[in-house]
Amino acid sequence: SAEGGGEEHRRGAGDRAWDGEHDDEAAGGGQARRRRGDRPSDGARAAAARARHAFRVAADGAAGGRDENGPAVFDLCVANLPYQISSPITFKLLTHRPLFRAAVLMYQREFAMRLVAPPADPLYCRLSVNVQLLARVNHLLKVGKNNFRPPPKVESSVVRIEPKHPPPPINYEEWDGLVRLCFSRKNKTLGAIFKQNSTLAVLENNYRRFVQLEASGALPQGGAGGAGVPAFLERKRMPVEDLKDGAKFKAYVQEVLRAGDFSDKRSSKLSQDDFFELLARFNAAGIHFK
(Lines give C-alpha, C1' and ligand atoms only; values in the text may rest on other atoms or scores of the structure.)
Protein backbone atom coordinates (compact mmCIF):
# COMPACT_ATOMS: atom_id res chain seq x y z
CA SER A 1 0.00 0.00 0.00
CA ALA A 2 1.02 3.65 -0.35
CA GLU A 3 1.03 4.04 3.42
CA GLY A 4 3.30 1.07 4.03
CA GLY A 5 5.69 1.80 1.22
CA GLY A 6 8.21 -0.63 2.66
CA GLU A 7 7.86 -3.75 0.56
CA GLU A 8 10.93 -5.02 -1.23
CA HIS A 9 10.95 -5.49 -5.00
CA ARG A 10 12.37 -8.84 -5.98
CA ARG A 11 14.81 -8.87 -8.90
CA GLY A 12 16.12 -12.20 -10.12
CA ALA A 13 16.78 -14.91 -7.59
CA GLY A 14 16.64 -13.20 -4.24
CA ASP A 15 18.16 -9.78 -5.07
CA ARG A 16 16.47 -7.09 -3.01
CA ALA A 17 16.56 -3.59 -4.49
CA TRP A 18 15.15 -0.30 -3.37
CA ASP A 19 14.76 2.49 -5.90
CA GLY A 20 15.55 5.81 -4.20
CA GLU A 21 14.27 8.08 -7.01
CA HIS A 22 12.93 11.24 -5.40
CA ASP A 23 9.68 12.82 -6.48
CA ASP A 24 9.34 15.94 -8.58
CA GLU A 25 9.46 18.35 -5.62
CA ALA A 26 12.96 17.19 -4.59
CA ALA A 27 16.04 19.24 -5.50
CA GLY A 28 18.49 18.29 -8.26
CA GLY A 29 18.15 18.10 -12.01
CA GLY A 30 16.08 15.53 -13.80
CA GLN A 31 12.51 15.78 -12.53
CA ALA A 32 9.66 15.85 -14.98
CA ARG A 33 7.45 18.88 -14.33
CA ARG A 34 3.88 17.86 -13.67
CA ARG A 35 1.39 19.58 -15.96
CA ARG A 36 -1.20 21.77 -14.26
CA GLY A 37 -4.35 19.83 -13.56
CA ASP A 38 -2.69 16.39 -13.85
CA ARG A 39 -3.46 13.99 -11.03
CA PRO A 40 -1.19 11.02 -10.39
CA SER A 41 -2.68 7.56 -10.54
CA ASP A 42 -2.95 5.36 -7.48
CA GLY A 43 -0.05 3.31 -8.85
CA ALA A 44 2.11 6.41 -9.27
CA ARG A 45 1.31 7.57 -5.73
CA ALA A 46 2.17 4.13 -4.36
CA ALA A 47 5.46 4.08 -6.30
CA ALA A 48 6.34 7.56 -5.03
CA ALA A 49 5.56 6.50 -1.46
CA ARG A 50 7.77 3.41 -1.81
CA ALA A 51 10.57 5.54 -3.26
CA ARG A 52 10.39 8.10 -0.44
CA HIS A 53 10.32 5.31 2.11
CA ALA A 54 13.31 3.55 0.52
CA PHE A 55 15.27 6.78 0.33
CA ARG A 56 14.53 7.53 4.00
CA VAL A 57 15.51 4.02 5.08
CA ALA A 58 18.76 4.21 3.09
CA ALA A 59 19.63 7.39 4.97
CA ASP A 60 18.12 6.86 8.41
CA GLY A 61 18.72 3.13 8.50
CA ALA A 62 22.41 3.74 7.83
CA ALA A 63 22.60 5.59 11.10
CA GLY A 64 21.11 2.67 12.96
CA GLY A 65 17.43 3.46 12.36
CA ARG A 66 14.71 0.87 11.79
CA ASP A 67 11.54 0.99 9.81
CA GLU A 68 8.31 -0.49 11.07
CA ASN A 69 9.27 -3.89 9.64
CA GLY A 70 12.68 -4.17 11.37
CA PRO A 71 16.28 -3.39 10.36
CA ALA A 72 16.96 -1.72 7.04
CA VAL A 73 18.31 -4.51 4.83
CA PHE A 74 18.82 -4.16 1.08
CA ASP A 75 21.15 -5.39 -1.67
CA LEU A 76 20.88 -2.61 -4.23
CA CYS A 77 20.22 1.11 -4.13
CA VAL A 78 19.32 2.95 -7.34
CA ALA A 79 18.73 6.67 -6.95
CA ASN A 80 18.75 10.11 -8.50
CA LEU A 81 19.84 11.96 -5.36
CA PRO A 82 18.99 15.53 -4.42
CA TYR A 83 22.32 17.06 -5.38
CA GLN A 84 22.66 19.33 -2.35
CA ILE A 85 22.79 16.33 0.02
CA SER A 86 24.94 14.04 -2.14
CA SER A 87 27.84 13.86 0.32
CA PRO A 88 25.94 13.02 3.56
CA ILE A 89 23.73 10.46 1.81
CA THR A 90 26.74 8.80 0.19
CA PHE A 91 28.53 8.39 3.51
CA LYS A 92 25.39 7.19 5.27
CA LEU A 93 25.11 4.49 2.63
CA LEU A 94 28.78 3.53 2.97
CA THR A 95 28.51 3.22 6.76
CA HIS A 96 25.26 1.24 6.54
CA ARG A 97 25.28 -2.16 8.23
CA PRO A 98 24.69 -4.78 7.02
CA LEU A 99 26.66 -3.92 3.90
CA PHE A 100 24.73 -3.79 0.65
CA ARG A 101 26.02 -5.16 -2.67
CA ALA A 102 26.06 -2.04 -4.85
CA ALA A 103 24.54 1.38 -5.44
CA VAL A 104 23.97 3.06 -8.81
CA LEU A 105 23.54 6.77 -8.17
CA MET A 106 23.20 9.90 -10.26
CA TYR A 107 25.16 12.94 -9.07
CA GLN A 108 26.05 16.36 -10.31
CA ARG A 109 28.94 15.85 -12.76
CA GLU A 110 31.66 17.61 -10.75
CA PHE A 111 30.75 15.70 -7.56
CA ALA A 112 30.80 12.40 -9.47
CA MET A 113 34.23 13.14 -10.90
CA ARG A 114 35.54 13.92 -7.40
CA LEU A 115 34.35 10.50 -6.25
CA VAL A 116 36.44 8.71 -8.88
CA ALA A 117 39.41 11.10 -9.07
CA PRO A 118 42.87 9.44 -8.70
CA PRO A 119 45.89 10.99 -6.94
CA ALA A 120 47.36 14.02 -8.74
CA ASP A 121 44.04 14.73 -10.49
CA PRO A 122 42.92 18.36 -9.96
CA LEU A 123 39.64 17.08 -8.47
CA TYR A 124 41.34 14.64 -6.04
CA CYS A 125 40.25 15.61 -2.53
CA ARG A 126 39.24 14.35 0.89
CA LEU A 127 35.97 13.05 -0.60
CA SER A 128 37.92 10.97 -3.15
CA VAL A 129 40.21 9.46 -0.50
CA ASN A 130 37.44 8.57 1.96
CA VAL A 131 35.00 7.10 -0.54
CA GLN A 132 37.72 5.07 -2.24
CA LEU A 133 38.81 3.78 1.17
CA LEU A 134 35.38 2.26 1.74
CA ALA A 135 34.28 1.30 -1.76
CA ARG A 136 35.17 0.61 -5.38
CA VAL A 137 33.81 3.49 -7.43
CA ASN A 138 33.26 3.55 -11.20
CA HIS A 139 31.95 6.26 -13.50
CA LEU A 140 29.30 4.65 -15.72
CA LEU A 141 27.99 7.38 -17.99
CA LYS A 142 27.44 11.09 -18.49
CA VAL A 143 23.91 12.45 -18.49
CA GLY A 144 23.57 15.74 -20.36
CA LYS A 145 21.22 18.40 -19.03
CA ASN A 146 19.26 18.35 -22.29
CA ASN A 147 17.96 14.89 -21.36
CA PHE A 148 15.63 16.56 -18.84
CA ARG A 149 12.63 18.81 -19.17
CA PRO A 150 13.06 21.49 -18.09
CA PRO A 151 16.88 21.23 -18.46
CA PRO A 152 18.76 21.93 -15.20
CA LYS A 153 21.78 24.23 -15.05
CA VAL A 154 24.25 21.41 -14.36
CA GLU A 155 25.45 18.24 -16.08
CA SER A 156 25.05 14.87 -14.36
CA SER A 157 26.82 11.51 -14.18
CA VAL A 158 25.87 8.01 -13.08
CA VAL A 159 28.28 6.25 -10.71
CA ARG A 160 28.42 2.69 -9.38
CA ILE A 161 29.55 2.32 -5.76
CA GLU A 162 30.41 -1.14 -4.45
CA PRO A 163 31.31 -1.29 -0.73
CA LYS A 164 34.42 -3.28 0.10
CA HIS A 165 33.68 -6.64 1.74
CA PRO A 166 35.01 -6.79 4.38
CA PRO A 167 35.56 -3.11 5.23
CA PRO A 168 39.19 -2.05 5.71
CA PRO A 169 40.42 -2.77 9.28
CA ILE A 170 40.92 0.86 10.25
CA ASN A 171 39.47 3.35 12.71
CA TYR A 172 37.58 5.61 10.33
CA GLU A 173 37.45 8.60 12.71
CA GLU A 174 41.22 8.43 13.10
CA TRP A 175 41.70 8.08 9.33
CA ASP A 176 39.37 10.96 8.53
CA GLY A 177 41.06 13.18 11.13
CA LEU A 178 44.39 12.75 9.31
CA VAL A 179 42.89 13.15 5.83
CA ARG A 180 40.91 16.24 6.84
CA LEU A 181 44.07 17.84 8.20
CA CYS A 182 46.15 16.96 5.16
CA PHE A 183 43.59 18.36 2.72
CA SER A 184 43.11 21.58 4.67
CA ARG A 185 45.98 22.85 2.48
CA LYS A 186 46.24 20.11 -0.13
CA ASN A 187 48.86 21.87 -2.28
CA LYS A 188 51.18 22.65 0.62
CA THR A 189 53.82 20.16 1.67
CA LEU A 190 53.03 17.97 4.66
CA GLY A 191 56.07 19.45 6.39
CA ALA A 192 54.49 22.91 6.17
CA ILE A 193 51.03 21.70 7.27
CA PHE A 194 52.43 20.02 10.37
CA LYS A 195 54.40 23.11 11.37
CA GLN A 196 51.28 25.21 11.93
CA ASN A 197 50.80 26.17 15.57
CA SER A 198 47.07 25.37 15.54
CA THR A 199 47.77 21.87 14.19
CA LEU A 200 50.56 21.22 16.68
CA ALA A 201 48.37 22.36 19.59
CA VAL A 202 45.67 19.82 18.71
CA LEU A 203 48.16 16.99 18.19
CA GLU A 204 50.00 17.78 21.42
CA ASN A 205 46.75 17.71 23.39
CA ASN A 206 45.84 14.36 21.80
CA TYR A 207 49.31 13.04 22.57
CA ARG A 208 49.04 13.99 26.27
CA ARG A 209 45.68 12.28 26.61
CA PHE A 210 46.85 9.17 24.76
CA VAL A 211 49.99 8.79 26.90
CA GLN A 212 47.96 9.25 30.09
CA LEU A 213 45.47 6.57 29.02
CA GLU A 214 48.31 4.26 28.05
CA ALA A 215 50.06 4.78 31.40
CA SER A 216 46.83 4.07 33.28
CA GLY A 217 46.51 0.67 31.58
CA ALA A 218 43.39 1.67 29.68
CA LEU A 219 45.25 1.11 26.40
CA PRO A 220 47.61 -1.71 25.38
CA GLN A 221 51.29 -0.86 25.36
CA GLY A 222 54.11 -2.09 23.17
CA GLY A 223 54.79 -2.01 19.47
CA ALA A 224 53.75 -4.44 16.82
CA GLY A 225 57.04 -6.38 17.07
CA GLY A 226 57.70 -9.69 15.44
CA ALA A 227 59.52 -10.80 12.34
CA GLY A 228 58.49 -9.12 9.12
CA VAL A 229 56.88 -6.10 10.81
CA PRO A 230 58.12 -2.78 9.37
CA ALA A 231 60.39 -0.81 11.67
CA PHE A 232 58.11 2.23 11.49
CA LEU A 233 55.41 0.29 13.38
CA GLU A 234 57.67 -0.13 16.41
CA ARG A 235 56.38 1.81 19.39
CA LYS A 236 58.18 5.01 20.30
CA ARG A 237 57.24 7.78 22.72
CA MET A 238 58.45 11.25 23.50
CA PRO A 239 58.87 11.81 27.29
CA VAL A 240 55.88 13.77 28.61
CA GLU A 241 58.17 16.16 30.49
CA ASP A 242 59.62 17.27 27.14
CA LEU A 243 56.22 18.66 26.18
CA LYS A 244 56.98 21.71 28.32
CA ASP A 245 59.14 22.80 25.41
CA GLY A 246 56.84 23.23 22.40
CA ALA A 247 59.80 23.15 20.02
CA LYS A 248 60.57 19.56 21.03
CA PHE A 249 57.11 18.28 20.14
CA LYS A 250 57.29 20.12 16.82
CA ALA A 251 60.62 18.43 16.10
CA TYR A 252 59.12 15.07 17.16
CA VAL A 253 56.30 15.44 14.61
CA GLN A 254 58.68 16.54 11.87
CA GLU A 255 60.91 13.55 12.55
CA VAL A 256 57.95 11.20 11.93
CA LEU A 257 57.45 12.86 8.54
CA ARG A 258 61.14 12.78 7.63
CA ALA A 259 61.51 9.12 8.61
CA GLY A 260 58.90 8.19 6.01
CA ASP A 261 60.09 10.70 3.42
CA PHE A 262 56.78 12.58 3.70
CA SER A 263 58.04 16.08 4.53
CA ASP A 264 58.13 17.32 0.94
CA LYS A 265 55.09 15.41 -0.31
CA ARG A 266 51.68 16.96 -0.95
CA SER A 267 48.30 15.51 0.00
CA SER A 268 47.00 15.95 -3.53
CA LYS A 269 49.45 13.30 -4.76
CA LEU A 270 49.29 10.73 -1.95
CA SER A 271 47.75 7.34 -2.70
CA GLN A 272 45.64 5.25 -0.33
CA ASP A 273 48.74 3.25 0.60
CA ASP A 274 50.62 6.47 1.36
CA PHE A 275 47.88 7.61 3.75
CA PHE A 276 47.83 4.17 5.41
CA GLU A 277 51.58 4.34 6.00
CA LEU A 278 51.48 7.93 7.22
CA LEU A 279 48.73 7.14 9.72
CA ALA A 280 50.58 4.03 10.91
CA ARG A 281 53.77 6.04 11.47
CA PHE A 282 51.99 8.71 13.48
CA ASN A 283 50.06 6.17 15.56
CA ALA A 284 53.23 4.19 16.33
CA ALA A 285 54.68 7.45 17.70
CA GLY A 286 51.60 8.00 19.89
CA ILE A 287 50.22 10.82 17.70
CA HIS A 288 46.50 10.57 17.05
CA PHE A 289 43.90 12.58 15.14
CA LYS A 290 40.66 12.18 17.02
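Guide: Start with residues 61-67, where the pLDDT stays under 50. pLDDT is the predictor's confidence in each residue, from 0 to 100. For this stretch the model has 14 contacts beyond four places in sequence, a contact being heavy atoms within 4.5 Å.

Visitor: What is the mean pLDDT of the protein?
Guide: The mean is 79, and 71% of the residues reach 70 or more. Over residues 1-38 the pLDDT is below 50, and this stretch has 83 contacts in the model beyond near neighbours in sequence.

Visitor: What are the ground rules?
Guide: This is a predicted model, in which local features need pLDDT of at least 70 and side-chain atom pairs count only at pLDDT 80 or more, while totals for chains, interfaces and linings use all residues. Residues are numbered from 1 along each chain as its sequence is written, and side-chain values use heavy atoms, with hydrogens and water left out.

Visitor: How many helices and strands are there in the protein?
Guide: There are 9 helices and 8 strands. They are DSSP runs numbered from the N terminus: helices are H or I with at least four residues, strands E with at least two.

Visitor: Why is strand 8 called largely enclosed?
Guide: Buried means under 20% relative accessible area, exposed over 50%, partly exposed in between, with a 1.4 Å probe and protein chains only. In strand 8 (residues 156-163), 6 of the 8 residues are buried, so the rest of the structure largely encloses this strand.

Visitor: Which strands pair with strand 8?
Guide: Two strands pair if DSSP finds at least two bridges between them. Strand 6 (residues 102-108) pairs with strand 8 in the antiparallel sense over 6 bridges. Strand 7 (residues 135-143) also runs antiparallel to strand 8, joined by 8 bridges. On the strand 8 side, S157 is the bridge partner of Y107, and S156 is that of V143.

Visitor: Why does T90 count as buried?
Guide: T90 has 1% relative accessibility, so T90 counts as buried. This residue is found in helix 2 (residues 86-94). Leaving aside neighbours within four places in sequence, T90 is in contact with Y107, F111, V131 and I161.

Visitor: How many aromatic pairs are there?
Guide: The count comes to 12. Rings of Phe, Tyr and Trp (its six-membered ring) pair if their centres lie within 6.5 Å; planes under 30 degrees apart count as stacked, over 60 as edge-to-face and the rest as tilted.

Visitor: What makes the pair of Y107 and F111 tilted?
Guide: The ring centres of Y107 and F111 are 5.0 Å apart and the planes are at 40°, so the pair is tilted. Both residues are buried.

Visitor: Why is the pair of Y124 and F183 called edge-to-face?
Guide: The centres of the Y124 and F183 rings are 5.9 Å apart and the planes are at 70°, so the pair is edge-to-face. This pair links distant parts of the chain, 59 residues apart: Y124 is in the loop between helix 3 (109-116) and helix 4 (126-134), F183 in the loop between helix 5 (172-182) and helix 6 (190-193). Y124 is buried, with a relative accessible area of 1%. F183, at 13% relative accessibility, counts as buried.

Visitor: Which residues do ring pairs link into a cluster?
Guide: The cluster holds Y124, W175, F183, F275 and F276.
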